[in-house]
Amino acid sequence: MGMRYKHTQDIVRLAIHMQGTHSGMTIEEIQHEFSVSRRTAERMRNDVEEAFGPLIKEKQDTRKHFWRLDSVSLHDFVSVSADELSELASAEDALDRAGLKERALLLRDLSAKLKVRLPSRVMRRLGPDLEALMEAEGLATRPGPRPLLARGLFAILREALKAFRVVAFRYHAQSTGRHSRRRVQPYGLLYGNRAFLVGRTSRGGAMKLWRLSGISELALTDESFERDPGFDLQQYAKQSFGVFQEKPVTVVLRFNAGAALDASTYCFHPDQTTVRNKDGSLTVKFRAGGINEMCWHLVTWGDSVTVEQPARLRQHLARMCAELARHHSA
């Protein structure tokens with residue numbers, strides 16, 4: 001009986017996904033989302049069609065078939081839980097603490113719209129659970145430093161990204177302290193400890209990063225640009241440990257037995273490999289640039305991590321720790 005109930009839950013969830021995306025889902029995406037075989041994924045697709053009506057089959061340029069659902073009968077099966085609203089509040093809080101207030105406001109508005117669509121009897125039932133979860137997770141009062149971003153910045157950047165329009169702004173370079181005027185073709189946003197705009201100057205050349213907290217007087221220009229179809233933001237981001245772009249190097253880290261379990265739960269890089277050693281330690285290997293950012297993160301692991309490669313990273317980390325020790329022992 002439990003397995004049948006679980007299957008029903010998965011079919012409803014799949015139906016929601018198939019109707020909640022404009023392009024639909026491929027069999028491969030169903031396999032990945034539900035961790036099932038191709039044959040099971042095909043059966044699940046068929047079960048959705050049998051339960052909620054005919055699926056719309058579309059073929060994209062990739063030659064893959066996408067199945068999409070457009071059914072009013074699904075509405076009665078969609079509900080919102082206290083856990084889901086709490087996660088939405090948690091994401092909103094995380095964005096707010098990172099200084100991304102405009103993005104946090106979008107989630108806050110989405111949460112309010114979801115609550116408005118819920119019947120009052122449901123909100124009365126969810127209310128106490130939601131308050132308890134938010135209080136337990138400390139979402140109401142979480143102190144901490146955060147960067148200050150110019151008001152309206154995200155709205156302008158989103159419009160520029162959608163319309164392929166050049167943006168103009170005044171930029172304060174943190175490394176030199178200089179202010180300059182820039183005209184940039186925006187390609188995307190990257191989020192690490194700080195948020196960055198990825199783009200090219202109007203003169204062309206390589207992709208560059210601009211710290212959002214260093215941008216002011218941002219304006220959308222009338223100048224459009226043709227986006228490079230070969231640029232992949234995800235692949236671009238994979239070249240670095242954080243967001244700073246450098247020539248990738250092979251990094252090998254060994255976490256001692258006491259930290260191995262904790263380290264095994266971290267994703268240091270999307271393409272990392274891990275090996276559990278006979279002595280209980282954990283070896284993590286990946287290729288990336290961004291030596292400074294690696295050091296900033298590795299220092300939080302203290303003496304539980306050893307940098308085996310490259311020597312440049314090990315030396316840089318040693319210098320950083322020595323300078324910190326000198327500064328705070330004075």
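User: In strand 11, which residue is the bridge partner of Leu 253?

Analyst: Strands of a sheet pair through backbone hydrogen bonds, either parallel or antiparallel. Here, Leu 253 has Val 307 in strand 11 as its bridge partner. Strand 8 (residues 249-255) and strand 11 run antiparallel, joined by 4 bridges. Two strands count as paired if DSSP finds at least two bridges between them. Helices (H or I, at least four residues) and strands (E, at least two) are DSSP runs, numbered from the N terminus. This is a predicted model: local features need pLDDT of at least 70, side-chain atom pairs count only at pLDDT 80 or more, and totals for chains, interfaces and linings use all residues. Residues are numbered from 1 along each chain as its sequence is written, and side-chain values use heavy atoms, leaving out hydrogens and water.

User: In what order do the 4 strands form the open sheet?

Analyst: The order is 9-10-8-11, with antiparallel pairing. Strand 9 (273-276) and strand 11 (305-309) are the edge strands, each pairing on one side only. From one strand to the next, the twist averages 20°. Helix 9 (residues 257-264) packs on the sheet and touches strand 8, strand 9 and strand 10 (282-288). Contact means heavy atoms within 4.5 Å. Helix 11 (residues 311-329) lies across strand 8 and strand 11, at about 140° to strand 11. Angles run from 0 to 180 degrees between N-to-C directions, and axes are lines fitted to C-alpha atoms, for helices over the stretch in contact.

User: At what angle do helix 2 and helix 3 pack?

Analyst: Two packed helices are described by the angle between their axes and the distance between the axes. Helix 2 (residues 27-34) and helix 3 (residues 38-52) pack at about 105°, with axes 9 Å apart. They are therefore roughly perpendicular (65 to 115 degrees; under 35 is roughly parallel, over 145 roughly antiparallel, the rest oblique). Among the residues that meet are Ile 30 and Phe 34 in helix 2 and Ala 41 and Met 44 in helix 3.

User: How many aromatic pairs does a search of the whole structure find?

Analyst: A pair of aromatic rings is described by the distance of the centres and the angle of the planes. The search finds 8 pairs. Rings of Phe, Tyr and Trp (its six-membered ring) pair if their centres lie within 6.5 Å; planes under 30 degrees apart are stacked, over 60 edge-to-face, the rest tilted. Tyr 187 and Phe 225 have centres 5.8 Å apart and planes at 35°, so this pair is tilted. Both residues, Tyr 187 and Phe 225, are buried (under 20% relative accessible area; exposed is over 50%, partly exposed in between, with a 1.4 Å probe and protein chains only). Phe 255 and Trp 301 form an edge-to-face pair, 4.9 Å centre to centre with 65° between the planes.
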